[in-house]
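Welcome! Here is a short briefing for anyone meeting this structure for the first time. Please take a look at the sequence and the model, then read on.

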Amino acid sequence: MRISIMTLFPEMCERVMEESIIGRARRAGKLQADCWQIRDYTLDKFGRVDDTPYGGGMGMLLQADPIYRCYEAVCQTAEKRPHVIFMSPQGKTLTQDRAFQLSRKEHLLLVCGHYEGVDQRVLDEIVDEELSIGDYVLTGGELAALVVADCVGRLCPGVLSDHTCFTEESHWNGLLEYPQYTRPAQWHDQGIPEVLLSGHHKNIEAWRHQRALENTWRKRPEMLEHANLSEADLKFLKELEQGEQICSQEDSSNEENLA
Ligand code: ADE
């Protein structure tokens, strides 16, 4: 897959994508990534790419033409038109599911806005979807584009090593991950759950699944509404809830006794 980023800060994006798993995947030829300087495509002799909004208002807007010409230059380097994503807090929020779907595309073009916004006409003409990374406003789309490049890039075939199985990660099956432990078995005053030393794979799997359910129930209970739960899972969650109720009843009666 190829990920192109159109931005006023290509060095910043390039620098981040040289590192770690994405950088290694690029060097190994498993992933292509390229950054495009929008300013290189302005016809203004002073290199300007922004102007004031019609109708008045605060701040400056990115002009349509440099973005369009940059987009055309990216398209000319590809056989097929890329899937164009405008990074914006107005877009749909990125999820693991969406990231996986995007990782199956041949070529993504992430367009980063800056200043107070972008001339709507160019967005209407070239953008396939708007994507947000969360309900907050950044100074530009670059950090958001890098989040998308990282999250989508690692899901591309061949990018993660075979033993890094993302189907067991948080958010993959609608549940958070179970807790994990590595050597030493005893650290400070803490050991590790006995079952993990048992070598009994079925029990370990069952334990992990229950911990994933419990983790999700404690930290992100709203995720359980959309998770694919079996009868046994529902029973386990009911028991957790009942256990918690008993604990809180005991706590409040202890408090009453103390009062
Ligand atoms: N640009 C500014 N804020 C953003 C956000 N939250 N997500 C995506 N792009 C953005």
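This is a predicted model: local features need pLDDT of at least 70, side-chain atom pairs count only at pLDDT 80 or more; totals for chains, interfaces and linings use all residues.

**Where the ligand sits**

- The space taken by the ligand is the largest pocket.
- Around the ligand you will find Met87, Ser88 and Pro89, together with Leu131, Ser132, Ile133, Gly134, Tyr136, Val137, Leu138, Gly140 and Ala144.
- Which strand gives the largest share of the shell? That is β5, with three residues.

**How the ligand meets the backbone**

- A polar backbone atom of tyrosine 136 is 2.8 Å from a nitrogen atom of the ligand.
- For isoleucine 133, the distance from a polar backbone atom to a ligand nitrogen is 3.0 Å.
- Glycine 134 also has a polar backbone atom facing this list, at 3.1 Å from a nitrogen of the ligand.
- How much of the ligand does the protein bury? Taken alone, the ligand exposes 260 Å², and the protein buries 96% of that.

**Aromatic rings**

- A pair of aromatic rings is described by the distance of the centres and the angle of the planes.
- Two aromatic pairs turn up in a search of the whole structure.
- One of them joins tyrosine 68 and tyrosine 71 in a tilted arrangement, with 5.7 Å from centre to centre and 45 degrees between the planes.

**Backbone details to look for**

- Most residues other than glycine have a negative phi, and most peptide bonds are trans.
- Serine 20 has a positive phi, near 55 degrees, although this residue is not glycine.
- You can find serine 20 in helix α2 (residues 20-27).
- Arginine 183 and proline 184 are joined by a cis peptide bond, with omega about 5 degrees.
- Proline 184 lies in the loop between α6 (142-153) and α7 (201-219).

Definitions and conventions: Residues are numbered from 1 along each chain as its sequence is written. Side-chain values use heavy atoms; hydrogens and water are left out. A residue is near a molecule or strand if one of its heavy atoms lies within 4 Å of it. A polar contact is a pair of N or O atoms within 3.5 Å; within protein, one must be able to donate a hydrogen and the other to accept it, and residues adjacent in sequence count only if both atoms are side-chain atoms. Accessible areas come from the Shrake-Rupley method with a 1.4 Å probe; for residues, only the protein chains shown count as cover. On a 1 Å grid over the protein atoms alone, a cavity is a set of points where a 1.4 Å probe fits but cannot get out, and a pocket is an open set with protein on both sides within 12 Å along at least five of seven lines; lining residues have an atom within 4 Å of a point. A molecule sits in a cavity or pocket if more than half of its atoms lie within 2 Å of its grid points. Helices (H or I, at least four residues) and strands (E, at least two) are DSSP runs, numbered from the N terminus. Rings of Phe, Tyr and Trp (its six-membered ring) pair if their centres lie within 6.5 Å; planes under 30 degrees apart count as stacked, over 60 as edge-to-face and the rest as tilted.
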